[in-house]
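I opened this notebook to keep a record of what I looked up, entry by entry. The entries begin with the sheets and then turn to one helix and its surroundings.

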Amino acid sequence: MNRAAFLFALPAFMLLIDWYVWQAIKTLSRSASESTQRIITIIFWGFTVLSLLLYVVLQYMPPDSIGKNTRTFLWASIAIPYFSKIFAVLILFIDDLGRLFRWVVSFFYKPEVREAVVENTRETIAPNGTTPSDAISRSDFLMKTALVVGAVPLVGFTWGILSGAHDYRVRRIKLPMKNLPSGFNGMTIAQISDIHTGSFFNRTAVRGGVDLLLNQKPDLVFFTGDLVNSRAEEVNEFINIFDKVKAPLGVYSTLGNHDYGKYVAWPSAQAERQNVLNVVAAHKQMGWNIMMDENKILEQNGDKIALIGVQNLGFGPAALRAGNLAKAYSGAEDYPVKLLLSHDPTHWDAEVRPKYPDIDVQFSGHTHGAQFGVDLGDVRWSPAQYFYKQWAGLYQEGDQRLYVNRGYGYIGYPGRVGILPEITIFELIKA
């Protein structure tokens, strides 16, 4: 579909959704006064007109004419209501299927029976077989249900922007290891992932998340990729926030798929490469030790373990593979514990477990837990689970473990519902 056809098709689809939902609103408001009905009509169709105008303006407005955060919120103000209305349409469609079925069936009955069948069926029947005058019809019930169902995601996704986007949660995980040297027993590691500075709209809240991390006083900090959405300059206004992230044993980081700028059109291959170099430079400017297919030997109390970091290695559909684990692993073979920073959790099953059984823990991010779902104790669900075998939390196969961080930031939808931004604190324990 070319751009011109899309520009026409989407508004037509939006109008169709609004017309369908309007039928329910008009029916349910039929008992209201004329003035009330007029107000409801103006509000409903006024929003439709504003949404369509805003859609057209955003399509033709020069990209740099408004800030990225303003543009994101304007798109969200269109997308979230219509996404919510789709849920209402699904319920209304059930009602219309019922109407169609009754209409077809009515042709097999006598005219007087046909008329009764076509009428809305009452939900409540009195003991004598009559229908109470104040009973709600099945059709009205489904219409009201549709509007409630449509309102739930509207409220939820709006709240996810206002509150969930920066509702940072600290998760504490114990990592027992049978080969852990005594000098590292009890050491704490903080992990954050998927910062996505290009999406932030609240610097104060972002700084609050950093303060929350520092209050945990970790011995070591890991950042597992996606500092930006695509362009290196997105991080510039946040360098003076994230350069406050410090730890006694250092901060170690790696790159994620978004850090390579593969999702924008660059004027040349050199410009694309320079963007990656600028992202790497930002890590260094913040005082983070970025690991580009290399390892670092950590020493504490006379004992040593190996820390390995690779560039992005993803093994899903259209995943980016830029790293080299064999190169990063070289020189770390003889150390009793090996910790791996690798952005994409698909790397674990595809290469780490089959070829490197002595890598004890892989620390990853990437999935964001889809920024939407249910995450209450042992009850966990997210659309992410249909795309990733390991999508959030701790996984174990034999003596090897993978931890998938839910992410510090967000991309696309500027919020989180149910799957909240995460700061993970690990404690290494000698098993």
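I looked up an open sheet of six strands and found the order 6-7-8-9-13-12, with mixed pairing; two strands pair if DSSP finds at least two bridges between them. Strand 6 (294-300) and strand 12 (393-397) stand at its edges with a single partner strand each, so one side of each is left without a neighbour in the sheet. From one strand to the next the twist averages 20°, where axes are lines fitted to C-alpha atoms, for helices over the stretch in contact, and angles run from 0 to 180 degrees between N-to-C directions.

Before going on, I noted that this is a predicted model, in which local features need pLDDT of at least 70 and side-chain atom pairs count only at pLDDT 80 or more, while totals for chains, interfaces and linings use all residues. Residues are numbered from 1 along each chain as its sequence is written, and side-chain values use heavy atoms, with hydrogens and water left out. Helices (H or I, at least four residues) and strands (E, at least two) are DSSP runs, numbered from the N terminus.

Entry 2, inside that sheet. Strand 8 (residues 338-341) and strand 9 (residues 361-364) run parallel and are joined by three bridges, and I found Gln362 in strand 9 as the bridge partner of Leu340. Helix 10 (residues 346-355) lies across strand 8, strand 9, strand 12 and strand 13 (400-404), running at about 160° to strand 13.

Strand 2 pairs with strand 14 in the antiparallel sense over four bridges, and Thr188 has Glu427 of strand 14 as its bridge partner.

Which residues of helix 6 are buried? I listed Ala205, Val206, Gly209, Val210 and Leu213, buried meaning under 20% relative accessible area, exposed over 50% and partly exposed in between (1.4 Å probe, protein chains only). Seen down the axis of helix 6, these buried residues fall within an arc of 150°, so they line one face; the arc is that of the directions from the helix axis to the C-beta atoms. The face turned away from the buried side of helix 6 carries the exposed residues Thr204 and Asn215.

Terms used. Contact means heavy atoms within 4.5 Å.
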